[in-house]
Amino acid sequence: MTNIHDIAKASGYSVGTVSRVLNNEKYVAKETRVAILKTIHQYHYVPNQIARSLSNGKTLTFGVVVPDVLQTFYNELIRGATTRAFAENYNVVLLPSAYSAATERHYLELLRRRMYDGLIFASHALPLKELAPYLPDSRIVICHDPGTFKIPAVYASREASYHQALHWLRSQTSEPIGLILGRDIQVSATSQATVAAYQDVFHHAPLPA
């Protein structure tokens, strides 16, 4: 099986130069890059991703932890993450958790073992304090408001949208307006925010079904 040393010998360049071309790094002359790529093509050489990960400490893969792959919101998040990742030559692994804290702990352990370069947590079955031990050595981004907890986060403030939608509904009818919540208010931040907006707009709690 052809290896990087074979490509270096056949092309007449050093292993380091071949490696820079394989990793699409800068500071390689155009003629050199073309010659090495031609040799790679001739020898049908495919880099060993595991060996590359061991040598540079990167898997070029990150995981996206989502609680439910069927919800449209998470589909849009995954689409955005993969679009950006592919542009940077990264791979994305979808990691469904079904709101299971045990499953999310398992993904954290895989991160600790360097199975991924980082994790995006769109689910938060785990309290943030459980993510803290992994932060000094790992890249973790969450998708909800961390409050005063210091952790990278990207999130949208949805409360204004909830208020706008409920104000519009109130203007359209005098009939009672009900809520259908995806998860129990005791465990879901989204359900809590929705109910809080309802109470602000209608000045009473949602009526029981």
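Visitor: In which sense do strand β1 and β2 pair, and over how many bridges?

Guide: Strands of a sheet pair through backbone hydrogen bonds, either parallel or antiparallel. Two strands count as paired if DSSP finds at least two bridges between them; strands (E, at least two residues) and helices (H or I, at least four) are DSSP runs, numbered from the N terminus. Here, β1 (residues 61-66) and β2 are parallel, over six bridges. Val64 has Leu94 in β2 as its bridge partner. This is a predicted model, in which local features need pLDDT of at least 70 and side-chain atom pairs pLDDT 80 or more, while totals for chains, interfaces and linings use all residues. Residues are numbered from 1 along each chain as its sequence is written, and side-chain values use heavy atoms, without hydrogens and water.

Visitor: What is the strand order of the open sheet, and which strands stand at its edges?

Guide: The order of the four strands is β2-β1-β3-β4, with parallel pairing. β2 (91-96) and β4 (139-142) each have a single partner strand, so one side of each lacks a neighbour in the sheet.

Visitor: Which strands does α5 lie across?

Guide: Contact means heavy atoms within 4.5 Å. Angles run from 0 to 180 degrees between N-to-C directions, with axes fitted to C-alpha atoms, for helices over the stretch in contact. α5 lies across β1, β2 and β3 (118-121), at about 175 degrees to β1. Helix α6 (residues 101-112) lies across β1, β2, β3 and β4, at about 155 degrees to β3.
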